[in-house]
Amino acid sequence: MNIERLETRSLLSGNPQIAADRLQIRSDLLKYNSDILAACATLDADCQAIKADGGKRSKTVAPLVQTLHTDVAAMRTQLRADRLAEGSAVLKADAVLLDDAAKILADKGNKAALKADRAKQLADRITRQNALVAGLNSRIATRQSFSTKVIADLNAINTAVQNDTTASAKLKADVAMFTTDRSASLGTFTADLQTLVTDRTKLIADLTALQGQS
């Protein structure tokens, strides 16, 4: 069951600001996913061009490419661990919210109990958003910690190819383009995650403001 969707339906009906926050999150999630797809297509085209223009035969850069692959693989492994930790925390929060919904249903008609139930549900929604923000921050930290190393790897490959007298002008241009595109993608993904942190932090602030109105 999608708790986020259930929350959206219940909160859209009663609070325009919360609705706006959630729509902004959805929009920025779509942008993040779109940026990933666009980067994958661009980088795949770059790699195909490098292979077509003799990059696969170049022995000069082979050890440097292996270093890049090793560092990128390590980053992806850590990002998977970050996402699993985030997913675990969110699932725990979802389970609590399901219990909250069951309690509200059971207390139907009891105004005093319902008031307490809804106050707890709101607090638990905030807890869920905090878990998501913590997960995003963890992924940002991982990306930032690896970006310097990966960009250094890319620059080393590019320098080696530019200095290789056997490399064609086309191959040199291909590698320079790949270096630029791959480095840019690292910055784009991090910026997208930071935007999502800002969005969810705003939602937390607006949910917290509702606590003072209850």
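This is a predicted model: local features need pLDDT of at least 70, side-chain atom pairs count only at pLDDT 80 or more; totals for chains, interfaces and linings use all residues.

Trainee: How much space lies in the largest pocket?

Mentor: Rolling a probe the size of a water molecule over the atoms shows where empty space is left. For the largest pocket, the computed space is about 880 Å³.

Trainee: Which helix gives the most to the lining of the largest pocket?

Mentor: The lining has 34 residues. With ten residues, the top contributor is H3.

Trainee: Which residues lie nearest the centre of the largest pocket?

Mentor: By class, the lining holds 22 nonpolar, four polar and eight charged residues. Nearest the centre are Cys47, Leu68, His69, Phe178 and Arg182.

Trainee: Are H3 and H5 roughly parallel or roughly antiparallel?

Mentor: Two packed helices are described by the angle between their axes and the distance between the axes. The axes of H3 and H5 come within 15 Å and cross at roughly 15 degrees. Angles under 35 degrees count as roughly parallel, so H3 and H5 are roughly parallel.

Trainee: Which residues in H5 do Leu68, Val72, Met75 and Arg76 in H3 meet?

Mentor: H3 passes H5 in a left-handed crossing. Their contact has five nonpolar, no polar and two charged residues. On the H5 side, the partners are Phe178, Arg182 and Leu186.

Trainee: How many charged residues are in the contact of H3 with H4?

Mentor: Take the geometry first. The axes of H3 and H4 come within 9 Å and cross at roughly 175 degrees, so these two helices are roughly antiparallel. Their contact has 23 nonpolar and six polar residues, and the charged count is 17.

Trainee: Are H4 and H5 roughly parallel or roughly antiparallel?

Mentor: The H4 and H5 axes come within 9 Å and cross at roughly 165 degrees. The cut-off here is over 145 degrees. H4 and H5 are therefore roughly antiparallel.

Trainee: How many polar residues are in the contact of H4 with H5?

Mentor: H4 passes H5 in a left-handed crossing. The contact of H4 with H5 includes 25 nonpolar and six charged residues, and its polar count is 15.

Conventions:
Residues are numbered from 1 along each chain as its sequence is written. Side-chain values use heavy atoms; hydrogens and water are left out. On a 1 Å grid over the protein atoms alone, a cavity is a set of points where a 1.4 Å probe fits but cannot get out, and a pocket is an open set with protein on both sides within 12 Å along at least five of seven lines; lining residues have an atom within 4 Å of a point. Grid points are joined across faces, edges and corners, and a volume is the space filled by probe spheres set on the points. Helices (H or I, at least four residues) and strands (E, at least two) are DSSP runs, numbered from the N terminus. Ala, Val, Leu, Ile, Met, Phe, Trp, Tyr, Cys and Pro count as nonpolar, Asp, Glu, Lys and Arg as charged, and the others, Gly among them, as polar. Axes are lines fitted to C-alpha atoms, for helices over the stretch in contact, and angles run from 0 to 180 degrees between N-to-C directions. Angles under 35 degrees count as roughly parallel, over 145 as roughly antiparallel, 65 to 115 as roughly perpendicular and the rest as oblique. A crossing is left-handed if the near helix is turned anticlockwise from the far one by less than a right angle, and right-handed if clockwise. Contact means heavy atoms within 4.5 Å.
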